[in-house]
Amino acid sequence: MKKKFYINSNLERLFSFAATLVLILMVNIVLTQTLLKKIQANAEASFIQRCDDTVDDYALAVDARLKQLESKIDIFYAKLAYKTLSIETIKKFLLDEKKQIVYPFNMVVYSDKNGVSWNSEGEEFDIKDRLYFQKIMSGESTFYVTNVLESKHDGKPCLIFARPVYNEEKEITGVLFASCPIERAAEYFAKITGNNRNKRFAIRDSNKRLILHYNSKWLNWVYSPWKYDDKILVTDDEEFKVKESISTEGDLVYVFYRYSEISPWTISYAVPVEDFVQLKKSQSAYQNFVLEVIIISLSLIFLLEIWFHSILEKHQILSTHIDSITHLMVRSHFEKEANKMLRKHPRSKFMMLEADIRGFKFINQQHGENVGNQVLLQFSKLLYEVSKNYEGILSRGYADHFYIFFKISSVLKAMHFFKNNFNKQVDQIKSLEIPFTPKFGISFFIPKKMPASTTAQVLITRANFAKDTIKENALQDFAIYDEKLLKRSSENNFIETHMESALKNNEFFVMYQPKVDLKTDKVVGAEALVRWQSPELGYMPPNSFIPLFEKNNFVVKLDFYVYEEVFKFLRKSLDKGDPAVPISVNMSRNHDKPERFVHDFIVLLKKYQIPPDLVEVELLERSSMDKNILREITIMLQKEGFRVAMDDFGSGESSLNMLSTIPVNILKFDRSFLFANDAKTGKLDETSETFIETLVDLGKNLKKETIFEGVETEEQRDFLRKIKCDQVQGFFYSKPLREEEYMEFLKNHR
Ligand code: C2E
Ligand code: MG
Ligand code: MG
């Protein structure tokens, strides 16, 4: 009997197993089909995305190259701008300097304000009918790129790159432009994709004339591929606008396109429609079969799992592993599961996120624990919503700490997903009854770069570390762990916790680097440069702490500390009857309130009774936003009798443009100009020499004093003297010196 019971019971199980198996097989067939379709759609989506990214990159590269072209005109531009020259001089200059015209330009032309032009070939013609001339003269544009035009020189198709020329009063007096034959332009832009022209890229102007095409015979043709209307390619999460068209070779193509931001041109990338068709076909029957087998075997395993685990057992396991508020895994179970995933897929990449809520303690105190729990629940739901479709696990640790662990295909894609999903949810949270801001720490497991023994615990520690680095920064809501972050962060941490006490303990001190007049070889000034002698970190140059102080704004305090040290030193020298020459101090960009800065500066100056002509201020221009503030500070300081210098002139993006807005007294040229020299002789190359000379000339025309920093060799000094630069500062004469050494130097070089 007993035996039979057992047999019966097993038979029953067998039958139900078989029935379930049949059911699952049927479901499987449907599932495989859907899945295959999905895979196909995914492959197509990523193909479209890639094409779109490609044209995006290419358009950016075209604009970057256009910017380069702008600066290639500089060498002529600097010679003509901000001065009044006779037409004869300009004509001669254009002819004489013809060899300075650089590829891809073939000609440089100057036009007066009536449109009468002279080119570097000595020809004269009239351009007042040209649109670019009108645009530039009206002040509408400071750099204008044209469509394809017929050259006035040889009638051939060319492109023009034009800039306005100003006189000393900053009025537009003419136009300087360079022309570039269309074939050369094609060659120049084709370089973006390497030496062989890429069949798929094209550039056309706004008249649809081809500027770049892989087949030169099509250049300058109006080949309008837009035969049909815009077509929208749709993927799961985005829509892409393309043109369906026929290529010059007669193929049906999709054209991805972008508009250039600097020129009226369109940049396009054409992909044969056939490629899309092929992509679909490649999902072959074989793949279909393999997929089917995989799914069936997986289902079998799944079935066996159910077979062997009783519901009760499972229930018990669950109940001890689940958090009662959020119904997510508790941390210990999460770690176990995450470790299992790591072991199971040793060759996969993973992403670990740790999230918490800013000021959660405050929410608990303010609104009570129940509300706090509600917030936790809401946050957990949100995290679940975002991650439920991905292969991963979710957990709540203690208090408001949440953990998410994902298998990912690439770090880039994971970050894209994170930014588009988690980060976007932050807005939704803000509209909740009790809004809160989460912050995230992220770490990755990358199999090739990390030991296979890496555990979930290690990844959590790293994510936690990354998250801690943004604790005080309310504007940043996530941080990613890397080794550099660890090192930088511990150094920065140390600096930040010690900076205030360092200031009190006089660990910062000032060194003085002499400035020498090139006519007399005498010291006529010095620059005050700060240093930090830390008992723990040792001697530090400003570059290792100023950037951090600029971020946390401590530089504002430090600057004033330096000013006070300098004024004290000047006072001492004056009292002793020692010689004194003007000392320049650096002003960081963090001083963003002109009145405040100038007021505090003068209060300090008065405290030590220093005459303003013994003090100069060096400004730095880094972004166009600075311009108005810098202009105001300059004017206010000058009214008080100080002289103002533009530091590192020429290193920024738009130094030449700055000349018309910020009326500084001194141009202090960046030492990077002196880098382009022959390694053996230390002699500057010819183009750099011409350029430096032109810039120094330009400064002189604008009645500004000129000084070069970073002069290290006699050759450099001699050259700068030859071109009549006023002063130099650099290791050739002296490194920055301590007070006493500097006084010694000053006394010996007067
Ligand atoms: P900067 O104002 O352009 O100062 C010139 C830098 O070039 C100094 O570096 C100086 O030592 C260095 N230098 C001078 N001659 C030569 C040379 O012949 N060869 C080479 N290789 N270098 C030379 P330093 O002292 O390291 O200062 C770096 C930057 O830190 C400064 O650049 C300035 O922007 C900033 N800085 C220094 N002191 C202060 C300060 O008190 N306040 C603020 N806000 N910034 C400061
Ligand atoms: Mg400076
Ligand atoms: Mg400088």
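The legends below describe close-up views of a predicted model.

**View 1. The domain assignment of the protein.** The assignment gives domain 1 (28-298), domain 2 (329-481) and domain 3 (493-748). Taken over C-alpha atoms, the centres of domain 2 and domain 3 are separated by 47 Å.

**View 2. The largest nonpolar core, with 138 residues.** Within this core, Phe161, Phe508, Phe601 and Phe708 touch the most other members. Helix α17 (residues 554-576) gives the most to the core, contributing eleven residues, and at least three residues are drawn from each of domain 1 (28-298) and domain 3 (493-748). A second, separate core is made of 47 residues, including Val375, Phe402, Phe422 and Ala463. As general background, nonpolar side chains in soluble globular proteins tend to be buried together.

View 3. When its neighbours within four places in sequence are left aside, phenylalanine 601 is in contact with Phe560, Tyr563, Phe567, Val585, Val615, Val617, Leu637 and Phe642. Leucine 605 lies in helix α18 and, at 5% relative accessibility, counts as buried, because the cut-off for that term is under 20% relative accessible area. Not counting residues up to four places away in sequence, leucine 605 touches Phe567, Ile610, Pro612, Val615 and Phe642. Leucine 605 and valine 566 are 39 residues apart in sequence, while their C-alpha atoms are 9.9 Å apart in space.

**View 4. Ligand 1 and the residues that surround it.** The ligand is surrounded by 24 residues, of which the closest are Arg531, Asp559, Asp647, Glu712 and Phe731. An N or O atom in the side chain of arginine 531 is 2.8 Å from an oxygen atom of ligand 1, and an N or O atom in the side chain of aspartate 648 is 3.0 Å from an oxygen atom of the ligand. With aspartate 559 the ligand atom is a nitrogen, which is 2.7 Å from an N or O atom of the side chain. Taken alone, ligand 1 exposes 810 Å², and the protein buries 87% of that area.

**View 5. Histidine 591 and its polar contact with aspartate 559.** Histidine 591 is found in the loop between β23 (583-586) and α18 (594-607), and this residue is buried, with a relative accessible area of 6%. Its side chain is joined to that of aspartate 559 by a polar contact of 2.9 Å; the side chain of aspartate 559 also has an N or O atom 2.7 Å from a nitrogen atom of ligand 1. Apart from neighbours within four places in sequence, histidine 591 is in contact with Val556, Asp559, Phe560, Tyr563, Phe597, Ile629 and Ile633.

**View 6. Serine 395 in strand β16 (residues 392-396).** Serine 395 is buried, with a relative accessible area of 0%. A polar atom of its side chain lies 3.2 Å from the backbone oxygen of methionine 329. Leaving aside neighbours within four places in sequence, the contacts of serine 395 are Leu328, Met329, Val330, Arg331, Phe334, His401, Phe402 and Tyr403. Aspartate 237 is 158 residues from serine 395 in sequence, and the two are 27 Å apart in space, C-alpha to C-alpha.

Definitions and conventions: Residues are numbered from 1 along each chain as its sequence is written. Chains are lettered from A and ligands numbered from 1 in the order in which they are written. This is a predicted model: local features need pLDDT of at least 70, side-chain atom pairs count only at pLDDT 80 or more; totals for chains, interfaces and linings use all residues. Side-chain values use heavy atoms; hydrogens and water are left out. A nonpolar core is a set of buried Ala, Val, Leu, Ile, Met, Phe, Trp, Tyr and Cys residues joined through side-chain atoms within 4.5 Å. Buried means under 20% relative accessible area, exposed over 50%, partly exposed in between (1.4 Å probe, protein chains only). Helices (H or I, at least four residues) and strands (E, at least two) are DSSP runs, numbered from the N terminus. Domain bounds come from an automatic or database domain assignment. Contact means heavy atoms within 4.5 Å. A residue is near a molecule or strand if one of its heavy atoms lies within 4 Å of it. A polar contact is a pair of N or O atoms within 3.5 Å; within protein, one must be able to donate a hydrogen and the other to accept it, and residues adjacent in sequence count only if both atoms are side-chain atoms. Accessible areas come from the Shrake-Rupley method with a 1.4 Å probe; for residues, only the protein chains shown count as cover.
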